[in-house]
Amino acid sequence: MKIKEQILLMLEENKGSAISGEEMAERCKCTRAGVWKAIKTLQQEGYVIEAVSNKGYTLRTSADVLSQSFIESRLQEAGISLGVICEQQVDSTNEVAKRVSYQIGRNDLVVIAAEQTAGKGRKGRSFYSPSDTGIYFSLLLHPSISPKEAVNLTTLAVTAEAVALEHITGFETQIKWVNDVWIRGKKISGILTEGATSFEDGNMEYVIVGIGINLYEPAGGFPEEIKHIAGAVYRDNAPRENLRNLVASEVIIRFMQYYGELEQRTYLKDYEKRCFVIGKEVTIMSSEHEKIDDETVTVLGIDKDCHLHVRHKDGHESFLSSGEISIKL
Ligand code: BTN
């Protein structure tokens with residue numbers, strides 16, 4: 001374990017009370033200057049550590065601060081080998097992952113941030129990503145799969161997210177076809193999958209799956225243009241201890257488990273369980289959200305590529321792809 005991680009562990013064990021630099025140095029078998037350096041790095045990562053004269057250092061309680069070492073060790077414990085980059089603020093984690101992909105060859109990694117200044121949404125929209133309310137991360141992967149198959153990684157991600165959030169918070173999650181996680185009837189996250197194909201075989205060169213989750217309600221509420229639809233996991237903005245790290249690591253672990261079984265589609269049963277449009281009547285809209293006609297259809301289920309299996313009013317059945325249409329309840 002690195003010195004910084006050992007120091008963090010000691011501070012966490014003594015949370016709220018001071019532990020001396022001397023004691024930490026002795027236990028880590030390093031110098032006082034080494035302890036001081038580790039404390040500075042932890043503070044830069046966002047931990048609120050107070051120096052109390054003649055007593056030592058105290059970790060403030062109830063911090064929900066992004067921690068690279070916490071996430072790395074959770075992934076390690078789960079047997080997942082994935083590079084981790086944690087930043088307080090980036091333009092967009094998808095963009096960082098894209099830039100990094102040109103430097104690191106075919107290594108997989110995850111870029112995690114507490115704030116995005118230029119978060120990207122689907123269809124060229126922006127994604128509201130302030131600090132103190134959410135967690136934003138992008139998985140950079142190199143699967144040898146076709147672009148058609150890569151589309152399933154978004155569905156896989158939405159399932160991983162829904163299951164992970166339920167596990168951590170105990171709240172019921174629902175999935176609105178195709179890729180929205182809902183809690184208490186509001187969309188609490190967004191997923192944007194991007195990638196590049198190889199000229200050699202037409203398969204994916206890399207895939208970036210970007211996930212943004214609203215954990216807390218922003219202090220002044222969501223901006224006017226999204227407040228009818230956007231929600232957060234918690235309805236207030238009081239930090240829950242370590243929530244960002246727990247959520248990010250749990251979603252990543254579940255994603256990687258399903259990803260290892262992509263061909264078998266093991267995520268589909270967990271998707272179907274939460275997909276609340278199954279059995280309902282819905283209106284088919286064009287992907288530009290224009291009504292296609294006045295027909296409502298009954299949703300019978302989904303197929304293995306997450307196409308919507310529907311029955312039309314005249315009794316015939318068809319499979320609808322999310323690339324072409326969206327639905328309205
Ligand atoms: C949407 O609902 O329109 C998709 C939003 C996707 C947002 C995530 S946040 C992490 C990653 N980085 C981005 O810039 N976008 C995705």
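In which loop is Asn14 found? Select Asn14: the residue sits in the loop between α1 (3–13) and α2 (21–28), where helices (H or I, at least four residues) and strands (E, at least two) are DSSP runs numbered from the N terminus. This is a predicted model, in which local features need pLDDT of at least 70 and side-chain atom pairs count only at pLDDT 80 or more, while totals for chains, interfaces and linings use all residues. Residues are numbered from 1 along each chain as its sequence is written, and side-chain values use heavy atoms, with hydrogens and water left out.

Remain at Asn14. Its side chain reaches the backbone oxygen of Met10 at 2.9 Å, a polar contact (a pair of N or O atoms within 3.5 Å; within protein, one must be able to donate a hydrogen and the other to accept it, and residues adjacent in sequence count only if both atoms are side-chain atoms). Asn14 counts as partly exposed because its relative accessibility is 24%; buried means under 20% relative accessible area, exposed over 50%, and partly exposed in between (1.4 Å probe, protein chains only).

Next, select Ser249 in helix α8 (residues 243–259). With 0% relative accessibility, Ser249 counts as buried. A polar atom of its side chain lies 2.6 Å from the backbone oxygen of Asn245.

Now select the ligand. Which residues are the closest to the ligand? They are Ser92, Gln116, Lys120, Arg122 and Lys187, from a shell of 18 residues (each with a heavy atom within 4 Å).

- Ser92: a polar side-chain atom is 2.8 Å from an oxygen atom of the ligand.
- Gln116: a polar side-chain atom is 2.9 Å from a nitrogen atom of the ligand.
- Lys120: a polar backbone atom is 2.7 Å from an oxygen atom of the ligand.

The protein buries 97% of the 420 Å² that the ligand exposes when taken alone (Shrake-Rupley method, 1.4 Å probe). Colour α5 (93–101), β5 (134–141), β9 (189–197) and β10 (204–214), each of which supplies at least two residues of this shell.

Finally, select Asp64, Val65, Asp132, Pro239 and Arg244. Among the 18 residues that line the second largest pocket, these lie nearest its centre. A pocket is an open set of points on a 1 Å grid over the protein atoms alone, where a 1.4 Å probe fits, with protein on both sides within 12 Å along at least five of seven lines; lining residues have an atom within 4 Å of a point. β3 (83–90) and β4 (109–116) each supply at least two residues of this lining.
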